[in-house]
Amino acid sequence: MSSDEFHLVVHVCIFNSKGEMLIQQRQPFKKGWSNLWDITCGGSAIAGDTSQQAASRELLEELGIHYNFEEMRPQFTISFDRGFDDYYLIENDFNLNELTLQTEEVQAVKWASKEEILKLIELKKFIPYYESIIAFLFEGRHQYGSIRL
């Protein structure tokens with residue numbers, strides 16, 4: 001990556017109608033955070049991808065879910081040194097038995113409450129996101145912006 005390029009990472013968080021997030025467990029042989037639980041899916045954009053194209057590709061690759069992000073903007077973006085994390089928050093009651101897990105990356109999926117995820121973080125069984133980010137994902141899943149209407 002040259003000094004004038006930025007890295008774009010996309011994250012998709014799927015919530016069911018009970019307010020639980022679909023989380024995935026990374027494979028034991030996957031480099032970086034192996035065996036840990038993570039939010040629904042995520043990955044890097046490829047040169048030429050829009051954020052929406054990257055989100056759609058990652059969700060399809062990792063979980064076999066076809067979802068159209070074309071008319072969506074990320075709910076929020078977090079800047080980091082040399083790049084951006086785009087977060088998409090969607091609600092859908094996917095049947096876990098109908099998902100196609102990418103064997104190279106994902107060993108398991110399940111629905112989890114905010115409290116369950118925070119407990120997994122405390123037990124060092126979940127990628128160490130800031131607790132405030134997890135809370136924000138759950139709080140902000142129904143709207144854009146920072147003001148309650």
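1. In this predicted model, Phe84 is partly exposed, with a relative accessible area of 32%, whereas Phe6 is exposed, its relative accessible area being 53%. These two residues form one of the seven aromatic pairs that the structure holds, and because their ring centres lie 5.5 Å apart with the planes at 45 degrees, the pair counts as tilted. Phe6 belongs to the segment before S1 and Phe84 to strand S6, so the pair ties together parts that are 78 residues apart in sequence.

2. A second aromatic pair, Phe76 with Tyr87, is stacked, at 4.6 Å centre to centre and with 10 degrees between the planes. Phe76 lies in strand S5 (residues 76–80) and Tyr87 in strand S6, eleven residues apart, and the pair is thus one that links distant parts of the chain.

3. Two other aromatic features deserve mention. Tyr67, Phe69 and Tyr88 form one aromatic cluster, and Lys110 lies over the face of Trp37, at 4.9 Å from the ring centre.

4. Helix H2 (residues 114–122) has Ile117, Leu120 and Ile121 buried, and because these residues cover an arc of only 100 degrees around the axis, they fall on the same side of H2. The general rule is that an α-helix has 3.6 residues a turn, so residues three or four places apart point the same way. On the face of H2 turned away from the buried side are the exposed residues Glu115 and Glu122. The buried residues of H2 pack against strand S2 (21–26), strand S3 (37–38), strand S7 (106–112) and helix H3 (131–139). Just after H2 comes Lys124, which takes a positive phi of about 60 degrees.

5. For helix H1 (residues 51–63), the length can be checked against expectation: at 1.5 Å a residue, its 13 residues should span 18 Å, and the end C-alpha atoms are 18 Å apart, which agrees. The buried residues of H1 are Ser51, Ala54, Ala55, Arg57, Glu58, Leu59, Glu62 and Leu63, a list that includes the charged residues Arg57, Glu58 and Glu62. What covers the buried residues of H1 includes strand S1 (7–15), S2, strand S4 (41–44), strand S6 (83–91) and S7. Gly64 follows H1, and its phi is positive, near 75 degrees.

Note on methods: Residues numbered from 1 in each chain as written. Predicted model: local features only at pLDDT ≥ 70, side-chain atom pairs only at ≥ 80, totals over all residues. Heavy atoms only, no water. Buried < 20%, exposed > 50% of the residue type's maximum accessible area, 1.4 Å probe, protein only. Helix = DSSP H or I, 4+ residues; strand = E, 2+ residues; numbered from the N terminus. Arc of directions from axis to C-beta. Contact = heavy atoms within 4.5 Å. Expected span 1.5 Å × (residues − 1). Phe/Tyr/Trp six-rings, centres within 6.5 Å; stacked < 30°, edge-to-face > 60°. Lys NZ or Arg CZ within 6 Å of the ring centre and 35° of its normal.
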